[in-house]
Amino acid sequence: MSLTLTDVRLTYPDGDRVLTALDEVSLQVEPGQVLAVVGPSGSGKSSLLAVAATLLRPDSGRVVVDGVDAVGLSAAQRARLRLEKIGIVFQQPNLLGSLTAAEQLLAIQHMRGVPVRRQRRAAVEALAAVGLDGKQHRRPHQLSGGERQRVNIARALTGRPAVLLVDEPTAALDQERGGQIVELLAEVTRQHQVATVMVTHDTEYLDQVDDVAVMRDGQLTRSVAGAHR
Ligand code: ADP
Ligand code: MG
């Protein structure tokens with residue numbers, strides 16, 4: 001079991017009250033499966049990913065990543081867990097402007113302490129695997145929005161994570177390119193046997209995923225099992 005959240009509660013301070021962003025949320029994603037979490041803006045989807053990514057510690061509840069209970073860990077232990085087990089594709093394109101596509105992947109391997117000289121070919125192959133054959137020397141401004149998202153996905157997969165967390169991957173793309181990105185996510189999820197959570201307010205591409213859950217006012221209200229496949 002790769003990712004399990006159990007009865008997760010998260011609040012933010014809101015003046016002299018608190019705002020409940022996640023209200024007893026539970027979910028489970030298996031290796032090789034994509035769970036889509038859909039819901040309106042402000043419903044708590046990004047908060048859910050932040051907790052699953054161990055970037056935010058919940059007020060209560062359990063977060064288990066590839067068998068590791070994350071809630072009791074120190075900040076340093078959680079940072080290590082993220083590097084080893086979690087791939088994250090944020091909503092905002094967060095590529096470094098001065099680096100080429102291949103260097104985006106090498107930079108994160110460097111952070112892991114992997115000797116980068118031996119990684120260049122692997123980086124080029126990882127880029128080819130997401131449809132960026134021959135584009136390893138391009139910098140972010142020389143790539144389209146969809147291509148930048150592909151670099152993001154390839155980077156998130158370097159280091160072989162158990163869990164892939166993706167926030168609104170289609171937000172900045174037209175319908176055709178959005179569909180291609182979701183298709184790619186489904187494909188790499190099976191290839192790499194990661195447990196993927198994809199958050200989206202877009203209900204367009206849900207035939208590509210294994211499971212759909214609906215987020216509303218911090219509650220994961222409905223889970224439709226086995227959309228297809
Ligand atoms: P979504 O991703 O579905 O749009 P979010 O998880 O970003 O939803 O936000 C859920 C709720 O929590 C919203 O009401 C939002 O305003 C609030 N919120 C999000 N981040 C913070 C924060 N850092 N501090 C306070 N409130 C926040
Ligand atoms: Mg969001």
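**Reading a predicted chain and its ligand**

Q: What covers the buried residues of α2?

A: The cover over the buried residues of α2 includes the strands β4 (60-65), β5 (68-69), β6 (86-89) and β7 (163-167), together with helix α3 (101-111). Helices (H or I, at least four residues) and strands (E, at least two) are DSSP runs, numbered from the N terminus. Contact means heavy atoms within 4.5 Å. This is a predicted model, in which local features need pLDDT of at least 70 and side-chain atom pairs count only at pLDDT 80 or more, while totals for chains, interfaces and linings use all residues. Residues are numbered from 1 along each chain as its sequence is written, chains are lettered from A and ligands numbered from 1 in the order in which they are written, and side-chain values use heavy atoms, with hydrogens and water left out.

Q: Which residues of helix α2 are buried?

A: A residue is buried when its relative accessible area is under 20%, exposed when it is over 50%, and partly exposed in between (1.4 Å probe, protein chains only). In helix α2, residues 75-85, the buried residues are Arg78, Leu81, Arg82, Leu83 and Lys85.

Q: Which residues surround ligand 1?

A: A residue is near a molecule if one of its heavy atoms lies within 4 Å of it. Around ligand 1 stand Tyr12, Leu19, Pro40, Ser41, Gly42, Ser43, Gly44, Lys45, Ser46 and Ser47. Helix α1 (residues 45-52) gives the largest share of this shell, three residues.

Q: Where do N or O atoms of the protein lie in relation to the oxygen atoms of ligand 1?

A: A backbone N or O atom of Gly42 lies 2.6 Å from an oxygen atom of ligand 1. For the side chain of Lys45, the distance from an N or O atom to an oxygen atom of the ligand is 2.8 Å. For the side chain of Ser47, the corresponding distance is 2.6 Å.

Q: Is Glu147 buried or exposed?

A: Glu147 is buried, with a relative accessible area of 16%, and it lies in helix α5 (residues 145-157). Apart from neighbours within four places in sequence, Glu147 is in contact with Leu132, Lys135, Arg138 and Gln142. A polar contact is a pair of N or O atoms within 3.5 Å; within protein, one must be able to donate a hydrogen and the other to accept it, and residues adjacent in sequence count only if both atoms are side-chain atoms. The side chains of Glu147 and Lys135 make such a contact at 2.6 Å.

Q: Which phi values do Gln193 and Asp217 have?

A: Most residues other than glycine have a negative phi. Gln193, although not a glycine, has a positive phi of about 50 degrees; it lies in the loop between α6 (175-192) and β8 (195-200). Gln193 is partly exposed, at 42% relative accessible area. Asp217, also not a glycine, has a positive phi of about 50 degrees. Asp217 is located in the loop between β9 (211-216) and β10 (219-224) and is exposed, at 65%.
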